[in-house]
Amino acid sequence: MNLHKLEDQFFIFASNMENPESFFQGYCFSECDYIFGDGGAKDFYKAKGFNIKGGEDGCYVTVESQHNVFSFSSDFSGNKKIFYYWMPNLWVVSNSLFLLAEHLKKSNVILTANYSQLAAIGIHKGGFFNQLYSVNTFIDGVRLLPTESSLSISKSGYSIQSIKKETVFKNYEEGLSVFIGMWIARLTGLLNSGIEVRSDLTGGADSRTVFTFLKKAAEESVEKENRPLLHSSSTPNNTTDLKIAEKIGEAYGLSINEKGVPTTNRFSGADSFFSWKILCLGTYHPIYFPKSGPQFNRVGLGGAGAENHRPFYKYEDIETWMNINASKVSPSWLSHNVVAEVNSEINRMTSTGSKIDPMILHYRAYRNRMHSGRTPQYVALFNPLGSKILEDISEIAGNHRLEAGQINYDLMATLLPSILNIPFDSDAKALNEVRVKNLTQLKEWHKFKPGVCYIESLVKEYPKEKTLSALELLNSDFQRSKDKSFVRSFFGESFINQAEEMIENAVENKRFSHAVDGQGVAAILAASIFD
């Protein structure tokens with residue numbers, strides 16, 4: 001496989017290969033400044049005198065080495081994953097389980113499966129098993145670095161350190177004020193620098209909240225010709241999102257789905273397939289194929305991350321709810337492993353003294369990280385509602401605000417109150433009596449100087465090659481994998497036949513009916529690694 005076009009999306013370090021002494025890959029904000037690519041990071045260092053540290057908003061990895069000890073850290077949400085393997089004679093670190101496994105096999109390491117994680121890849125109902133649910137992966141001995149952590153590794157051992165939090169707010173109002181000011185300055189800086197900023201807009205509250213930031217940034221930008229762009233879509237079964245988005249656009253003088261800068265990093269079918277396999281196999285299990293890669297002059301905004309600050313998983317008793325989910329794993333004895341791993345994670349996350357609901361913490365660490373963090377791996381995309389400042393705010397917001405999803409409404413009421421008068425796609429999302437009673441509407445907020453952009457604009461461009469489609473390549477990989485001995489012994493004929501029916505229908509219709517329909521196929525490909 002030719003991975004030149006994808007080389008800016010993945011990394012791999014190992015004790016038995018040549019490694020750069022320092023390394024940056026991806027994009028982020030540092031305070032209000034935007035950094036894109038290794039060249040941008042170097043320009044940032046020249047201007048500021050210090051390197052980008054871990055724990056910022058974005059999708060990136062930064063690596064430093066000293067005396068053959070390598071230190072890895074990534075963005076605040078962990079969108080750029082860090083998987084690691086350590087034994088006395090070999091260590092490997094990568095953001096790709098697939099590439100890490102391939103390197104281990106080339107290094108004569110015999111791989112064994114973590115059976116409960118492998119079985120969970122094929123479970124598509126309920127959302128909990130659409131992604132990893134603990135730091136353990138489906139490959140025994142390969143683990144995921146937790147968010148807000150750094151990894152130091154060498155031949156003599158490894159250690160994990162927590163990234164120290166620097167943000168402390170006196171109260172909820174101060175936190176909200178800083179968050180608003182910071183993101184307006186960030187977006188204003190992008191617009192001032194001529195970077196296209198396109199925001200998703202639906203009928204819900206999350207993307208609408210992000211829109212209010214972008215509108216305010218456009219008002220403050222000195223580059224009035226660089227208007228923000230809005231994206232919304234519809235399907236035969238759902239035209240509501242687009243209709244509401246058009247109402248919002250009309251109300252504030254913006255069109256929906258205008259063309260922007262040309263896409264210069266468009267993917268072929270092979271690019272899409274291998275990008276998915278490298279970045280998602282064994283990590284996020286529904287199958288979505290990317291259409292393009294990162295582009296220095298384009299930044300996207302999404303509404304994901306808001307459920308970091310309100311309940312996503314619905315339950316009355318965690319233990320009962322977890323046992324119900326674990327019972328979906330087959331064979332049934334593996335359910336005990338699932339419960340033990342989840343309990344271990346909850347104990348780890350609550351040991352910090354957080355007052356947040358434990359399953360909101362788990363959602364942030366896994367569901368949000370893998371689901372909301374999928375697209376930021378492919379293109380430059382930020383989810384402001386999942387950013388680090390807002391997480392600090394939710395710690396002091398109080399349960400009454402989290403249960404009502406109050407933060408969104410406080411932000412909208414502060415930045416653009418009239419937008420709350422436009423109907424949502426559900427009455428449950430309206431500004432109801434509870435939200436009005438708890439409403440915090442700031443008259444002013446912190447002012448920050450608009451950010452500077454440090455971007456690597458000399459991006460290598462490779463022509464789009466004509467290849468088989470991503471689905472056809474997926475099917476070819478599936479056909480090679482389904483008859484391997486470990487695959488057949490672990491999943492059995494019935495599971496394999498169901499997965500084969502799903503991929504054949506997808507190839508015929510040129511798409512899965514839903515991305516979760518591909519999870520059985522993903523499970524087969526993951527299991528084939530062990531043959």
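**Group meeting: a walk through a predicted model**

Let me start with Glu148, which sits in the loop between strand S8 (143–144) and strand S9 (149–154), where strands are DSSP runs of E with at least two residues, helices are runs of H or I with at least four, and both are numbered from the N terminus. This is a predicted model, in which local features need pLDDT of at least 70 and side-chain atom pairs count only at pLDDT 80 or more, while totals for chains, interfaces and linings use all residues. Residues are numbered from 1 along each chain as its sequence is written, and side-chain values use heavy atoms, with hydrogens and water left out.

Glu148 has a phi near 55 degrees, a positive value in a residue other than glycine, and at 21% relative accessibility it counts as partly exposed; here buried means under 20% relative accessible area, exposed over 50%, and partly exposed in between, with a 1.4 Å probe and protein chains only. Asn108, in the loop between helix H2 (97–106) and helix H3 (115–121), also has a positive phi, near 65 degrees, but Asn108 is exposed, at 70% relative accessibility. As background, most residues other than glycine have a negative phi, and most peptide bonds are trans.

Now to the protein as a whole, whose secondary structure comes to 17 helices and 15 strands. Its radius of gyration, taken over C-alpha atoms, is 23 Å, close to the 24 Å that the globule rule gives for 531 residues, so the protein is as compact as a globular protein of that length; that rule is 2.2 Å times the number of residues to the power 0.38. The C-alpha trace spans about 65 × 50 × 50 Å along its principal axes, and buried residues make up 57% of the 531 residues. Among contacts, meaning heavy atoms within 4.5 Å, between residues at least 6 apart in sequence, 75% join residues at least 24 apart.

What lies inside? Leaving aside neighbours within four places in sequence, Leu474 is in contact with Phe273, Trp276, Ile287, Phe289, Ile503, Phe512, Val521 and Leu525.

Helix H13 (residues 406–415) deserves a look as well, since 10 of its 10 residues are buried, including Gln406, Asn408, Asp410 and Thr414. The buried residues of H13 pack against H4, helix H5 (205–220), helix H11 (388–397), helix H12 (399–404) and helix H14 (433–437).

Finally, which residues does Gly54 touch, not counting residues up to four places away in sequence? They are Tyr60, Thr62, Ser73, Ser74 and Ile163. Gly54 is placed in the loop between helix H1 (37–48) and strand S4 (58–66), yet Gly54 is buried, with a relative accessible area of 10%. From Gly54 to Asp410, 356 residues apart along the chain, the C-alpha separation is 29 Å.
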